[in-house]
Amino acid sequence: MGILLRRLAATMVLAVMAWPVHAAEHIVRIISDYEALSFRFELASLVIAPGDTVIWVNDVEEDHNVITYPGGIPKGAKGFSSPMLTQAGQRFSKKFSIEGTYQYHCMPHLPMAMTGEIVVGQPTVAGGFHEPNEGEINAYRSEFLKWFDEDHEQLKIRAEAPPGGHKHAEKTDVDHSAHVGKSGSGSD
């Protein structure tokens, strides 16, 4: 009888350990505040777990996108770029599986410092950021030139990091894991 109880207990422990853990969904609002002349991501910095999904939601009818800097992602990860979100309620989602820091911005509002950062698990340490190749830099440059002149003085295309260098998000106690639908998506 003792062996049977031990086997049953061991089976129950294994079953509990194998129970699937559900990844969370986090909402980042895309804000166009005309009164304050502010365009921003809210939350601009977010810490999540590997396997979680971030959903960006456009608040009003305004052109916004979500695009990573070529050198603002962890080694082994792929950059991402949403389609242009033009309608209120329009969404873009991305599932993050590779740990590290992802730095992104809204291309049309880059001069207004509309930037954000997602830290998946642990932040990327020095030397741990992706080193973009010429093709990635040229693709980013092409997207940049859709919005800005080549000689734009305020903005310089920086493949290694966003303006201001690499920063790290702070963990937040705010729950942004509401379940919502998706209109665009991506994954590592």
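What pattern does the protein follow, read along the sequence?

Analyst: This is a predicted model. Read along the sequence, the pattern is α-β-β-β-β-β-β-β-β-α-β. That gives two helices and nine strands. The protein has 188 residues, and 39% of them are buried. Its exposed surface comes to about 10,800 Å², with 56% supplied by carbon and sulfur atoms. Contacts also reach along the chain. Among those with a separation of 6 or more, 74% link residues 24 or more positions apart.

Take strand 7 next. It covers residues 100-105 and runs antiparallel to strand 8, residues 115-120. Six bridges join these two strands. Two of the facing pairs can be named. Tyr102 has Ile118 as its bridge partner in strand 8. Thr101 stands opposite Val119, also in strand 8. In a regular strand the side chains alternate between the two faces of the sheet.

Strand 7 also pairs with strand 5. Two bridges join them, and again the strands run antiparallel. Here Thr68 has Tyr104 of strand 7 as its bridge partner.

How enclosed is strand 7? Buried means under 20% relative accessible area. Six of the six residues of strand 7 are buried, so the strand is largely enclosed by the rest of the structure.

Thr68 leads on to a pocket. This is the second largest pocket, with a volume of about 220 Å³. It is lined by 13 residues, and those closest to its centre are Thr68, Pro70, Gly79, Glu136 and Tyr140. Strand 5 and helix 2 (134-145) each supply at least two lining residues. Helix 2 gives the most, with four. By type, the lining divides into seven nonpolar, four polar and two charged residues.

Next, the loops. Most residues other than glycine have a negative phi, and most peptide bonds are trans. Ala113 is in the loop between strand 7 and strand 8. Its phi is positive, about 60°, although it is not a glycine. Ala113 counts as exposed, at 54% relative accessibility.

Leu37 sits in the loop between strand 1 and strand 2. This residue is not a glycine either, yet it has a positive phi of about 50°. At 67% relative accessibility, Leu37 counts as exposed.

Glu42 and Leu43 are joined by a cis bond, with omega about 10°. Leu43 lies in the loop between strand 2 and strand 3.

Tyr34 lies between strand 1 (25-33) and strand 2 (38-42). It is partly exposed, with a relative accessible area of 45%. Leaving out residues up to four places away in sequence, Tyr34 touches Phe39, Val60, Glu61 and Glu62.

Methods: Residues are numbered from 1 along each chain as its sequence is written. This is a predicted model: local features need pLDDT of at least 70, side-chain atom pairs count only at pLDDT 80 or more; totals for chains, interfaces and linings use all residues. Side-chain values use heavy atoms; hydrogens and water are left out. Two strands pair if DSSP finds at least two bridges between them. On a 1 Å grid over the protein atoms alone, a cavity is a set of points where a 1.4 Å probe fits but cannot get out, and a pocket is an open set with protein on both sides within 12 Å along at least five of seven lines; lining residues have an atom within 4 Å of a point. Grid points are joined across faces, edges and corners, and a volume is the space filled by probe spheres set on the points. Ala, Val, Leu, Ile, Met, Phe, Trp, Tyr, Cys and Pro count as nonpolar, Asp, Glu, Lys and Arg as charged, and the others, Gly among them, as polar. Buried means under 20% relative accessible area, exposed over 50%, partly exposed in between (1.4 Å probe, protein chains only). Contact means heavy atoms within 4.5 Å. Accessible areas come from the Shrake-Rupley method with a 1.4 Å probe; for residues, only the protein chains shown count as cover.
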